[in-house]
Amino acid sequence: MESSPNDFNNKYTAFLNINTEFPALRLQWDHIIKYTGKTRFIATDDSTVDCSYASYAAICGDYKKKARVYRDYEKAKLLTLDWRFTYKQPTFKSQYLELTLDVNNVLNAKAKSTRKGSGSTVRREYTLGRNFWLGASYNW
């Protein structure tokens, strides 16, 4: 069963999480590999129809101004890689300072979108590009 383009859900997503630890350095390096399948959605390509024409009466009903045209699109499958670095610095007894660096979408992957039925790429739907998050916490 094919999903409807207006349900806003991804068909499926798979994760692989690889944890690497360097005990002598008190450092942990996590790799998260994520695969997202094709997704259908509805969007406008900024084209309009003039609903005042009788030929659009079946579509527009009583509306008589310009209306945007919405079409079915398909966002391609996407493979992304995220990294997380965690450093723990002991301070007093069992307390420690924890510093983290998250690098999301390391390869800066972008998902292309195509208009359903046309086969040509007519717009791009981007995922969040590469971004960095720093964190610090004191644990006791």
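Buried means under 20% relative accessible area, exposed means over 50%, and partly exposed lies in between, all computed with a 1.4 Å probe on protein chains only. By this scale Arg-84, at 31% relative accessibility, counts as partly exposed.

The structure is a predicted model, in which local features need pLDDT of at least 70 and side-chain atom pairs count only at pLDDT 80 or more, while totals for chains, interfaces and linings use all residues. Residues are numbered from 1 along each chain as its sequence is written, and side-chain values use heavy atoms, with hydrogens and water left out.

**The sheet**

Strands (E, at least two residues) are DSSP runs numbered from the N terminus, and two strands are said to pair if DSSP finds at least two bridges between them.

**The salt bridges**

A salt bridge is a side-chain nitrogen of Lys or Arg within 4 Å of a carboxyl oxygen of Asp or Glu, and the structure holds 3 of them.

| Salt bridge | N to O distance |
|---|---|
| Asp-72 and Arg-40 | 3.6 Å |
| Arg-84 and Asp-102 | 3.3 Å |
| Glu-98 and Lys-88 | 3.9 Å |

In the salt bridge of Asp-72 with Arg-40, Asp-72 lies in strand E4 (residues 66-75) and Arg-40 in strand E3 (residues 39-50), so the pair ties together parts that are 32 residues apart in sequence. Asp-72 is partly exposed at 30% relative accessibility, whereas Arg-40 is buried at 15%.

Arg-84, which forms a salt bridge with Asp-102, lies in strand E5 (residues 78-90), and Asp-102 lies in strand E6 (residues 96-104), so this pair ties together parts that are 18 residues apart in sequence. Asp-102 counts as buried, with a relative accessibility of 16%.

Glu-98 forms its salt bridge with Lys-88, and this pair links distant parts of the chain, with Glu-98 in strand E6 and Lys-88 in strand E5, 10 residues apart. Glu-98 is buried with a relative accessible area of 18%, while Lys-88 is partly exposed at 36%.

Notes. Helices (H or I, at least four residues) and strands (E, at least two) are DSSP runs, numbered from the N terminus.
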